[in-house]
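Please examine the structure shown below.

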Amino acid sequence: MKIRNLLSIKKLAVLGICVSFLAGGCGKMTESSIPELEEPVALNEAYRPVEYGTIGSVQVLMATAVPRDYCNYYSANVNISQIYVEPGDTVNAGDVLAVCDVDEAKKQLQECQAALAHENETYEISAQISDTQIRLWESQTAGQDNNEPDPSDGAADDTHETDADTNIDEYAAVTGEFSTEQTDKNESTDEDYNTQIATEQENQRYDKQLHEYRVQKINEQMALYQQLVDDGTLKAAHSGLVSYTKKLTEGRSAAAYENIVIVSDTDDLVLDIKDTAINEYKYSDYDKKYVIVDGEKYDVTESQYTSEVLVLSKINNRYPDVCVESREKPHLTAGQMYPVYFEKTKADQALVVGKDSIYKDGDTRYVYVKNDEVGREKRIITTGESDENYTQVTEGLKEGELVYYNSTDQVPTKYSKYTVKRSDFDIANYGVQYSRSDAGTITETCDYEGQIVSVNVKQDDTVEKGMLLYVVDTGEGKAAITEAKNAIDSENESYAQKIADYDKQIRDLSEGGSSTEENNQQDAEPDTAYDEQQLKLNLQLLDLQKKLAGADHTYQLSQLQSAYDSISEGNDGKGNISVYAKNAGKVSKVSVKAGDNVEEGADILQITGNSTDVLLVQVKDSNSYKVYTDNIADVGEQVSLELDGTTIYGSCIGFAGYGREAQKGYVNQDDKGVHITGNTDSGYGNAAFYIKLDNGIPDDLTRASAVKFSYVSLKKVVVVPTSIIHKQINPMDKEDISYYVWKIDGDSVVKQPVILSDYTSGSNTLVLYGIDEGDEICLDS
């Protein structure tokens, strides 16, 4: 039995095949109007046998076996003091991987505590301001009612209204922030005041929710920093091989959820369909999914992602790859590629013929069947399901009959037989630049533009934490201190002016209120009470505004003072800044000397830990090798190095950079939720990875060739000579290109569609679908 896949074959980046379907006609046939067989357009007789097969479609994607990764990161912004592991180290769950700067965490905790206190204080004052404002509007509404004209005494009422207006004008003259607003309010009707009251009450509810949200977030941050203060270590979430560490050469700061260390479980390999993100994957509804491993078929299922993962991925526009796994756990090899098949079946175990064998006359379908006696005979058939190349036959034919098909390609008559077999298929890649990787290398860079006063260490010196490294004289450092001091002075002056303004407003309003009260002695008692209530509420508003300004000032001043203290640290006040070692190590390089002018970010010196037996391999263009610069070895993949005619083997134990591609992102879900984590840019500007050689690093690497690893590596797949593959172009669509071989089927030669990979190696081509081991193909003589 053969499975027929009837589709138009187009190469995609991930070896997917776009499929369209065409349904065949059904129904009873008549022979009354069958035309005579026209002269065949084939250059010689073209027949294929009727066979049992499957009508449907197939997609083929390439997956790579990679270890399952476990990311290790802090949930808050931190400064990393030290990373204790390097790529290639083996760790157990719970091992300490790194430690953050606890003093920095304490500082962050204090800032959170100050922010929380400020949030609570300002919210409470703002709530009081809002309540007072509502009471003021309510009293103004009552005042409007009291001021309505009395028909029995119009003159007296007019006089009272004028006095009230005078009081309002005096208030407007002395109240800065409230003057215009208050004037507008006093011109409002009762309905306007009621609307303002309702709006303010709605704002109160919103402000309360916003306040609670802010408090919650600050408390969460405080809990994280408190945890760092209590224990600033980062511990391995899973056992395995360290495959990535953040490089501190570009700085010690690490953002929340930035990967510090990645541990790969080399005993738990998954099939990662690279470059096929879950937002692009369209094959979840296919009814058959399997992978071919060493020539054997294993059913697979896709890894499922939670709704939280999908939402976060969409928000950040960063989606994880599609991964598939098999319950049967076939033996996978890290770095090798495996074709994964997705089939959709429309009719299984059906008699099928090629669509190019079927002729139509209205609703009638017929074929021409080879007959030894008369050459060929026409036969009415009933058809069922169809796909792009084949149609199901439900009546009129039986298995093994030879049916004529229309072919403009010459059917080969002189050929040799090629028997399809499975073999390995590899395309090599090369890393042309490699060097020994030193553990824990830290580059000290200058934070300011200036001039080096002194370098207090020299190459090969051993330094301890806290040792003076160098001093830099920078005008910017001096200016920064001055600027920070000026910011404090400016804040104090601004606050003093605000308080003076509020005090004047309170004083003027009080004096204006007393004058108004005297003028109102002639008015009715209820009106005097109303004016006193208005004055009291307005004074309360000003007092609360003054209190709010004081709370903001205290908080802002603490922030400015903290910035000043930070800038002043290590600065003698004249711009001379002393820089001290944050870690112990050995000085491996000094890049400056006393008197050198340096720019911000310039390298000053490097401090390195112990030398390792790891090679850093960089993938760059080469005149000697065909290099795929967008590709690195996968963790666990075998690599090799030629030295004096001897092959030295090893394996990839980690990665450093992805070159021109965006840095890899990960979606992680734990008991605290879903997070997107990422790696720091390596700074190499090209793809790079780490390897360990089985027998250690040779003493003289200059005699070695490039590091060799796999660009494409598949085992026991169908590989055939490229010469037996034929291309077919749809005359109606030049972009519709498909491929086929001439297959020997008994005494017949038939056109067999095939799906090719995007890869060729020398004179061979990798075939993913259409033919299998043991099939016989025509090879041109």
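In this predicted model, a search of the whole structure finds 29 salt bridges. Side chains of opposite charge can pair when their charged atoms come close. Glu258 lies in the loop between strand E8 (253–254) and strand E9 (259–277), while Lys246 lies in the loop between strand E7 (240–245) and E8, twelve residues apart. Both Glu258 and Lys246 are buried.

A second salt bridge joins the side chains of Asp424 and Lys715, at 3.7 Å from N to O. This pair links distant parts of the chain, since Asp424 belongs to strand E21 and Lys715 to strand E37, 291 residues apart. Asp424 counts as partly exposed because its relative accessibility is 42%; Lys715, at 25%, also counts as partly exposed. Salt bridges can also form a network, as with Arg68, Asp268, Glu325 and Lys329.

Attention now turns to a sheet. Strands of a sheet pair through backbone hydrogen bonds, either parallel or antiparallel. Here, four strands form an open sheet in the order E27-E26-E24-E29, with antiparallel pairing. Strands E27 (576–580) and E29 are the edge strands, as each pairs on one side only. E27 and strand E26 (residues 468–473) are joined over five bridges, and Val472 stands opposite Ile577 in E27.

With a relative accessibility of 60%, Glu599 counts as exposed. Together with Asp447, Glu449 and Glu600, Glu599 forms a negative surface patch.

Technical notes
Residues are numbered from 1 along each chain as its sequence is written. This is a predicted model: local features need pLDDT of at least 70, side-chain atom pairs count only at pLDDT 80 or more; totals for chains, interfaces and linings use all residues. Side-chain values use heavy atoms; hydrogens and water are left out. Patches are made of residues with over 30% relative accessible area and no salt bridge: like charges are joined within 9 Å, nonpolar side chains (Val, Leu, Ile, Met, Phe, Trp, Tyr) within 5 Å. Accessible areas come from the Shrake-Rupley method with a 1.4 Å probe; for residues, only the protein chains shown count as cover. A salt bridge is a side-chain nitrogen of Lys or Arg within 4 Å of a carboxyl oxygen of Asp or Glu. Lys and Arg count as positive and Asp and Glu as negative; His and the chain ends are not counted. The place of a charge is taken as NZ of Lys, CZ of Arg, CG of Asp or CD of Glu. Buried means under 20% relative accessible area, exposed over 50%, partly exposed in between (1.4 Å probe, protein chains only). Two strands pair if DSSP finds at least two bridges between them. Helices (H or I, at least four residues) and strands (E, at least two) are DSSP runs, numbered from the N terminus.
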